[in-house]
Amino acid sequence: MKTLQSYIGGRWIGKEGAQGLYSAVNGKLINYTHAETIDFGEAVMHARQQGVTALLALDFQQRAARLRALAKYLNEHKEQLYAISLHTGATRNDSWIDIEGGAGTLCTYASIGTNEFPSGNLVHEGPAFALGKQGNFLGTRILVPRGGIAVHINAFNFPIWGLLEKFAPTFLAGMPCIVKPATTSSYLTEALVRLIDSSGLLPQGCLQLIVGSTGDLLDRLEGQDVVTFTGSATTAAMLRLHPNLIRQSIPFNAKADSLNCAILGPDVTPDDEEFDLFVEEVAREMTTKAGQKCTAIRRAIIPTRHIDAVAERLRARLAKVTVGDPSVEGVRMGPLASKAQQADVAERLALLAVGNQVVFGELDGFSPVGEEVANGAFSAPTLVLCNNPLLNDSVHDIEAFGPVCTLMPYGELDEALTLAAKGRGSLVGTLVTRDPTVAAHAIPVAAAWHGRMLVLDREAAVECTGHGSTLPQIKHGGPGRAGGGEELGGARAVKHYLQSAAVQGSPSMLAAITGEHVRGAAVRESEIHPFRHYFEDLQIGYSLLTHRRTVVEADIVAFGCLSGDFFYMHFDEIAAKESVFGKRIAHGYFVLSAATGLFVSPAPGPVLANYGLDTLRFVKPVGIGDTIRARLTCKRKIDRQKKGANGVGQGVVTWDVEVTNQYEELVASFDILTLVAKRT
């Protein structure tokens, strides 16, 4: 029987077997944890000396490229993981969420790194702003790598996705991590880390794996480190109070299980498509991963007049779910992750049943299919009906972490929102409604108690990923019982692992620090037009002050005829005189176009395309007879490590544009983004 190993200090540790791990499907012994004690001093030192150094030798763009390559590698070897995942009780669809969902998360963060983060290892959260009257003293904010390590403590239900969804933003932020999966399903996480190790794509020290206890690891952490936890609210509270975490003010991010709810809107009737969408959503959340999801629907809140209809349709739906060995064709729900989990769910279900009614469960024909399932950790999909949810606190406090959901009737919508809030903080809630006014009233109230809210109707259902589907672009976390933490959320998750700092100084100093042009900083003008430089040769601060152009009435008339914009401020002399400007003015977009015409170098060259415009502001009006000019300055460069169709490398350059009038007053301001070819 295989003994699992930990990956510490760049090597695999563990030969002697210790705790036995068993298949959730048939109860057979499949692995042992290792008995050898981990030297966590070595693990921490390896992460600090090897991991931090190796990661910061790369920049955001290069780390994003590694994530994309790793996702591709894992997808090419995914069947190895699917074969092992069966022992956790996961069906193919369940495993798809874990395995390919994890790889997809890597891809998403690769794109986030490519599109939202710069070259280098400093993020400028500008713009800089004046702290004095003359513009010589500015302030801004930057984000930099913390220089510490991240400890990720994960739950048993998603052994692969759980690691990758935390690892991706951590890696992108330049922080090595030490991962401790739940022991129950650690054999699948170990298989994942072995694949990652064999890929050779990651620098040494950026990922270490603990199979077993964390020992004295948390005692060895320092203020620049981060701890994240996914699991029960009880364990989260215990870890949050760890003396060293408190003493060192170490950031602690918790995502805990919660009693998430789905509310059927008062406007929905059994004849509506939304009624079936509600039933389908509840049934899917009960049976996917056998209900072992921190985002699963635990409480279904339903108008009193429809409670019987919902119960009837749910019973019919659940009766069709085949439970058994996931390797058997047609099985749609497997067992719980372990016998211990099976016992825990049974105990909590018994508590939930006190004073309530089980309207569907083990007595309704539950019989798992498969040859060796007698010793498996199977649990029947179970519906509990609570007729007095405002008075019965247990249904808002006891969570059976399995295929269990409680039906709760309500009178008016505000009563439904009160019931939702009695969960004391949830990761996600769903409102199924046809009526926008119902959503407009309910969501702002419910959002105070939820990390994410899904509004489901027939229009959204066409593309909706579902109540329990956690997307890397969307926040994952919630207040109160849900842990008060936050994961994912796109670039927000990466920034969680970066250190924020305010910086004050002169424009030139801030430009040097941020690696971006800051208005007021010295610029470098030359006889060569900035658009004539290749990407490698272009320097931040290269600038062009254009010739002048006087705006005449014919410009306004021509632009209006071309664009179809005949707004009165441009053409009605009388109305314009009575306006706040007191005269006819040029179209703002004419000023933008005219400025572009002033600074563009028309001949073919390194600038390949203009593909974006940011931060556009029209500051002062431009009237007939005003004279404008533009200053074009290289503001920011991002090397995205890409090549064009012709095989030539290219990067993205952001240009700062200031348009001024004859009085040197700023009249328009914007950034343009261009693709610029590399010399090679």
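User: Where is Ser249 found in this structure?
Analyst: Ser249 is found in the loop between helix H8 (243-247) and strand S13 (252-256), where helices (H or I, at least four residues) and strands (E, at least two) are DSSP runs numbered from the N terminus. This is a predicted model, in which local features need pLDDT of at least 70 and side-chain atom pairs count only at pLDDT 80 or more, while totals for chains, interfaces and linings use all residues. Residues are numbered from 1 along each chain as its sequence is written, and side-chain values use heavy atoms, with hydrogens and water left out.

User: What is phi of Ser249 near?
Analyst: Phi of Ser249 is near 55°, which is a positive value in a residue other than glycine.

User: And is Ser249 buried or exposed?
Analyst: Ser249 is exposed, because its relative accessible area is 58% (buried means under 20%, exposed over 50% and partly exposed in between, with a 1.4 Å probe and protein chains only).

User: OK, what about Leu488, where is its place?
Analyst: Leu488 has its place in strand S22, residues 487-488, and its phi is near 55°, again a positive value in a residue other than glycine. Leu488 is buried, with a relative accessible area of 3%.

User: New topic: which residues does a cis peptide bond join?
Analyst: A cis peptide bond joins Gly126 and Pro127, with omega at about 5°, and Pro127 lies in the loop between strand S6 (123-124) and strand S7 (129-130).

User: Which strands pair with S12 in the parallel sense?
Analyst: Strand S9 (residues 150-153) pairs with S12 in the parallel sense over 4 bridges, and S13 pairs with S12 in the parallel sense over 5 bridges; two strands pair if DSSP finds at least two bridges between them. The bridge partner of Ala150 in S12 is Val226, and Phe229 stands opposite Ala254 in S13.

User: What order does the open sheet of 3 strands have?
Analyst: The order is S1-S5-S4, with mixed pairing. Strand S1 (2-3) and strand S4 (17-22) stand at the edges, each with a single partner strand, so one side of each has no neighbour in the sheet. S4 and strand S5 (residues 29-34) run antiparallel and are joined by 4 bridges, and the bridge partner of Gly17 in S5 is His34.
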